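Here are some notes for a colleague who is opening this structure for the first time. Please read them with the sequence and the model side by side.

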Amino acid sequence: MWSRAIFQRFRFRAFSIWCFDSHVIHGKGYRSFSVTVEFQNREVLICNHLLNRRIDEAREVFDQVPSPHVSLYTKMITGYTRNNRLVDALNLFDEMPVRDVVSWNSMISGCVECGDIDTAVKMFDEMPERSVVSWTAMVNGCFRFGMVDLAERLFCQMPVKDIAAWNAMVHGYLQFGKVDVALKLFKQMPRKNVISWTTMICGLDQNGWTGEALVLFKNMLGCCIKSTSRSFTCVITACANAPAFHMGIQVHGLIIKTGFFYEEYVSASLITFYANCKRTDDSRKVFDEMVHEKVAVWTALLSGYSLNRKHEDALNIFSEMIRNSILPNQSTFASGLNSCSALGTLDWGKEIHGVAVKLGLGTDAFVGNSLVVMYSDSGNVNDAVSVFTEIFKKSIVSWNSIIVGCAQHGRGKWAFVIFGQMIRLNKEPDEITFTGLLSACSHCGFLQKGRKLFYYMSSGLNHIDRKIQHYTCMVDILGRCGKLKEAEKLIESMVVKPNEMVWLALLSACRMHSDVDRGEKAAAAIFNLDSKSSAAYVLLSNIYASAGRWSNVSKLRVKMKQKGIMKKPGSSWVVIRGKKHEFFSGDRPHCLRIFEKLEFLREKLKELGYVPDYRSALHDVEDEQKEEMLWYHSERLAIAFGLINTVEGSTLTVMKNLRVCEDCHTVIKLISRVVGRKIVLRDPTRFHHFKNGMCSCGDYW
C-alpha cells in the first residue's frame, strides 16, 4: 500500500517536470499538476497520521488542504470516531459542504462505536438517501445496545436486503440467545455465504447447541462452501466443547489439506481441542510442528496444561515464552496464575506478578483479579489485599475475589470492611458476594452476623434469591456454633430441594458435636441422593468411631467395600523451587533425614507436654499403634520435608487435600513454636496460619 503511494508521488513529480519543460510550447497545465501533487502528498500524510493515531497532527495537515474532497472528510471523521472523539467527528461532519451516503454511513457507524445510539438513530432519520449499508449499520447498532425490537422493525422495513443484512440479524439473535429464531431466519435466507454458515456454527456452539453446530458444519461441506480460517476455528472449538474427538481429528486433517494449519487461531483452537480431550501430548505435537511467535498459540498450550492439572508443565511454558520474547497477554497471565494457585507456589506467582508489572498490566482488572486469587490461594492474604487496592477499575469479580480470599483465611472482619467499601461506592453485590460473606461468618463464628446477612439477602434493597450455596453456608454457620436443631429446621424449610452439600454440612457439624442420631438422619438423606457418597460414609464412620461404636464402623466399611467405594487418601504437598513434593498419610519416610526430623520433633513436643489425641485415630487398635498412625499423617511428613529443604526463618506453606484433624492441628501449633517459623496450612475449606504456638483460626474450625 505504501509502495504504491510512493510510486504515485514520484510519478506525479516526473509528470510535473515534463510539464515544466513543455510549458513554453503548451502554455498551460503546470500549476494544476503541481497542485495535484501537493494534494496527493497531504492525503498520504493524513492517512499516515491516522494510521498511527496521531489525530491532531492529521487535523493540522487537513486544515491546510484548500478544498478537501468528501472522501478526505470521511477519513478524518472515521479517524476521530475510532479514537472515541465523537464530538470532534460531529463538528467536522457539520462543516462538510457536501455529504455523500458513505460519509453519512461513517458517521452513523462512528456514533455506534462511541456508544451514542440515540445520535445514530437521529442521524439515520435525517439521512436524505439510505443504502443497504446504512440499514445494516443501524441493525448492528441496535443489537449492540440490546434494542432487539427496533432491530427487527428496521430489518422488516429495509427495501433491499443483502447477505450482510441477513447475517447481521442472525448474529444479533444468536448474541441474545434466540437460537430458534436465528435458525428459522437462517433457513429463510435466499442466499448464504461462508460468513452466514460460520456465524450460525459459532452461535450455536456458544449457546450450548454444540451437536447442532457440528451437524451444520457437515451440511456446509455438503453445500460445497469453502471454509475459512474462522470457520475452522469455530468448528474445532465446537469439537473441543462436545468433546467430539473423532470428528475433531477429521477436521484437523481437512485443515492440513486446505492449508490453514499455520493460521494463528486455527493452531490455537487445535491445541485447545486436544487438551479438552485429555490429550496434552497431542496438543504439544501440534505446537511443536512450527516455530510460533503468536501469543494465542502459546496461551492455548499453557491453558491446556493448566486445564489438565499439569501445572508444572504450564509454568514451564510460561518461562519458555519469556525466554523467547513472546509477550504474554491477559489470558496468559490468568492461566499461569491459575496454575500457581493450584500448586500453592508463591515464588512462581511473584515472578509472574513481576512480569505483569513490567508490561504495565499490574493494575489491569483481569490480571489483578487473578493475582488476588493467586496470593490468597498461596497463603498470603496481605499481598492479595495490596494487589486489590492497586487495581485501577475494580469489577464485581475483583470485589468478590478479595472477599472470598479474606473468608478463606479467617479474616472475617476484613471481608465485612471491604463489603462496606463496596456498598459505599454503589457497587451492587451479587450471589457470590454473599456466599463469600457467609463463608467468612462460618470460619469466624459470626453467628448473629450470619443470620442477619442471610435474611438481608432476600429482604434488602438489592434483592437476591437464596441459592443452594447460601443455604449450605448458613447450615454450616449454625452447625459449627452447635445450633444443630436450628440447622436441621432450616434445611426442612428450604424453598429449593436440598442437595448433597447441604446435608454434608449438617453431617460434618454432627461429627464435630458428636450428635449420632441427627448424623444418621443426615447420612440417610445423602444416601437417598447418592448411594455411593464416600464423604458421607467417612463422616458417619468417624461419628461412630468417636462414640466408640466400632461394630457400626465395621459394618460401614464392609458396605463401602461391597459397593466399591474408596476413601480418598489423605495427601499433603509442598512446592520448593518450582517442584511439587507430595506425601500420603501412612507413608514411612523414604528419606532418612525426614525420619530423623520427625523423631526430633516428637521428642521436642513431648518435652512441651504433648499428648496424642487418640480420638483422631479412627481405628479400633491399641493406643501405641494409634500414636504411630497419627504421627505419619501426610501434613507432618510434608512439614518435616519442608523444614529440611527451606531457609530457616522463612514461611513454610503446606497444602492438604482433606480437612486437618484435631491432633495434627495441635502438633503443628507446637512445631511452629519449636522451630520458630510461621507455617501456613491450606485444607479444602480454609487456611491456618501457625506462629509461636498459636493458630489464626483461634482453634475454631
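**Notes on cysteines and backbone**

1. Cysteine 202 is buried, at 9% relative accessibility, where buried means under 20% relative accessible area and exposed over 50%, with partly exposed in between (1.4 Å probe, protein chains only). This is a predicted model, in which local features need pLDDT of at least 70 and side-chain atom pairs count only at pLDDT 80 or more, while totals for chains, interfaces and linings use all residues. Residues are numbered from 1 along each chain as its sequence is written, and side-chain values use heavy atoms, leaving out hydrogens and water.

2. A disulfide, that is, a pair of cysteine sulfur atoms within 2.5 Å, joins cysteine 202 to cysteine 234, with an S to S distance of 1.7 Å. Cysteine 202 lies in helix H12 (residues 194-206) and cysteine 234 in helix H14 (residues 229-241), so the pair ties together parts that are 32 residues apart in sequence; helices here are DSSP runs (H or I, at least four residues), numbered from the N terminus. Cysteine 234 is buried as well, with a relative accessible area of 5%.

3. Cysteine 239 is in no disulfide, and the nearest cysteine sulfur, belonging to cysteine 277, is 8.2 Å away. At 0% relative accessibility, cysteine 239 is buried.

4. The peptide bond from alanine 242 to proline 243 is cis, with omega near -20°, and proline 243 sits in the loop between H14 and helix H15 (245-258).

5. Serine 325, which is not a glycine, has a positive phi near 60°. Serine 325 belongs to the loop between helix H19 (311-323) and helix H20 (330-343), and is exposed, with a relative accessible area of 62%.

Conventions: Helix = DSSP H or I, 4+ residues; strand = E, 2+ residues; numbered from the N terminus.
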